[in-house]
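Hello,

Here is the structure I promised to pass on. Please open it first, then read my notes below.

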Amino acid sequence: MVHAPPRPPKGAPPVRINLYSDTQTRPTAAMKDAMMRAEVGDEQHGDDPTVHELCDRMAALMGKEAAVFLPSGTMCNVVAILTHCRSGDEVLAHETSHILHSEGGAHAAFTGVQILPLRGPRGAFTADDVRAAIRPRTRYAPPQRLLEVEQTANIGGGAVWPLAQLNAVAAVAREQGWNTHMDGARMMNACVAAAIPPTEMAAGFDSVWLDFTKGLGAPLGAVLCGSNEFIGQAWRWKQRLGGSMRQAGICAAACAYALDHHVDRLAEDHANARALARGLRQIPGVEVEEPDTNLVFFDVRGAGTTPEALQEHLLLRGIAVSGLGGRVRACTHLDVTAPMVEEAVAAIREALER
Ligand SMILES: *Cc1c(COP(=O)(O)O)cnc(C)c1O
C-alpha cells in the first residue's frame, strides 16, 4: 500500500495561509497572460521557439553551453545521473539529499547507481569529508563517478552552501576525475541570499538545474544545463523517459516570466522567513533554526506537542505547514505576505500555549 499525502482534517476551512511548500504557489494573472501569448511549436521536434529561448537564457544564466527543458526537478536529477553515470557507479551526496530520499528510488531503478551518503551540518559537507570518502581504485570498490550537491539544501534548512565550500568540494571531485552535479531546485534563493550570480555559483559543476515550480512560482518545468555533449545525451534520456513534450512553450513562457519578475522578489520571502523565525523564537519551548532563505524549520517537541498535532490545529484555522523528520517546516513564497506571517505566528503561539 502506497500512501498519498495526508488530507486536511474534516471540517477544515480552505487553506488561506499556505506555508506548506513553495511548490503550492498559483500562477499569477500576469504569468497566465504571458502563457496565453506564448508562441509555440512541437518541442519534441525542436520546433518550440519559446522553449528554445528559455533554454538559451538558462544556459547563459548558468554559464553553460546548453540546456534542456524538463517537466520537473526530479526528472532533471534522474536525467543528469543517467547521463553522468553507468550502472554500478557510486554517487557521493549528502545524507539528507533529495536524490536519496524523495525520488522514489529512481536512481537505483533506472541507472543502478548506489549513493554514498556524506554527513555534515545543514545539508553540506566539506572537502575533507569528500577526501575521506575516496575509495581505492580496486576491483572490489564501486567506481566513484559523480559528486552531487543541493543549493540550497532543502532538509538542511534551506541553507546556502558558501561559495568557497562549493568550489572546494568540486575541486576534490575534479582531482579524482569525477563528474559534478548541482541540484539547484532553489538555486536562485541561494544566489539572491548570498548576492552571488548563478554563473559563479555553478562554475565548479558540470551540470546544474533550476526548478521553476518552487519559489519562482511557475506551474511546471525545470531546466537542466551543461555542456553541448552532456545536453545531447540528456536529450536521449528525456526521450526515453517520456519527458519530451509538444507545445511546451506555454509552460516555458511561465518560466521566462518568472525569470523576469520573480527572482529579485525572493528577497521578500527571505525577509518573511526571518520574521517568522523571530516570532517563533519568542514562543516558549520552540527551537528555531535561523533561516538563510525561505525555509523555516522548527522543533515543537520542547513545547510538549508533535509536528502532526500542530499541523492539524493549524489546518482547522486555514493555515498549512509541513512536518519533516520530527521538525515542522514553514515555507515562505510569493503567495505569503508579512501580515500572513504574523497571523501564523499568533496561531502557532495559541496552539502551543494551550
Ligand atoms: C523539490 C526538489 C526537487 C524535485 O523537484 P520537483 O520539481 O518537485 O520534481 C529536487 N531537489 C530538491 C532539493 C528539491 O527541493
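**Cavities**

The largest cavity has a volume of about 40 Å³. This is a predicted model: local features need pLDDT of at least 70, side-chain atom pairs count only at pLDDT 80 or more, and totals for chains, interfaces and linings use all residues. Residues are numbered from 1 along each chain as its sequence is written, and side-chain values use heavy atoms, with hydrogens and water left out.

Some terms, before we go on. The search runs on a 1 Å grid over the protein atoms alone. A cavity is a set of points where a 1.4 Å probe fits but cannot get out. A pocket is an open set with protein on both sides within 12 Å along at least five of seven lines. Lining residues have an atom within 4 Å of a point. Grid points are joined across faces, edges and corners, and a volume is the space filled by probe spheres set on the points.

How many cavities of 30 Å³ or more does a search of the whole structure find? It finds two.

The largest cavity is lined by His94, Thr96, Ser97, Gly123, Phe125, Glu148, Val149, Glu150, Ala153 and Trp161. Strand E5 (residues 144-150) supplies the largest share of that lining, three residues. Helices (H or I, at least four residues) and strands (E, at least two) are DSSP runs, numbered from the N terminus. By class, this lining has four nonpolar, four polar and two charged residues. Here Ala, Val, Leu, Ile, Met, Phe, Trp, Tyr, Cys and Pro count as nonpolar, Asp, Glu, Lys and Arg as charged, and the others, Gly among them, as polar.

The second largest cavity has a volume of about 30 Å³. Its lining includes Ala185, Arg186, Asp211, Lys214 and Leu266. Helix H8 (187-194) gives the most to this lining, with three residues. Strand E7 (207-211) supplies at least two. The classes are six nonpolar, two polar and three charged residues.

**The second largest pocket**

About 350 Å³ of space lies in the second largest pocket. Of its 18 lining residues, the closest to its centre are Ser102, Asn154, Ile155, Leu324 and Arg329. Helix H4 (98-101) and strand E12 (322-324) each give two or more residues to the lining. The largest share, three residues, comes from E12. By class, the lining has three nonpolar, eleven polar and four charged residues. Domain 1 and domain 2 each provide at least three residues of the lining.

**Two domains**

Where do the domains run? Domain 1 covers 17-26 + 265-353, and domain 2 covers 38-261. These bounds come from an automatic or database domain assignment. Taken over C-alpha atoms, the domain centres are separated by 28 Å. The contact (heavy atoms within 4.5 Å) takes 20 residues from domain 1 and 20 residues from domain 2.

Together the two domains bury about 1500 Å², 49% of it on carbon and sulfur atoms. Buried area is the accessible area (1.4 Å probe) that two parts lose on being put together, summed over both. Which residues of domain 1 lose the most area to domain 2? They are Asp22, Leu266 and Asp292, together 33% of what that side buries. Leu266 also lines the second largest cavity.

**One residue to look up**

Phenylalanine 110 lies in helix H5 (residues 106-111). Leaving aside neighbours within four places in sequence, phenylalanine 110 is in contact with Val78 and Leu82.

Best wishes
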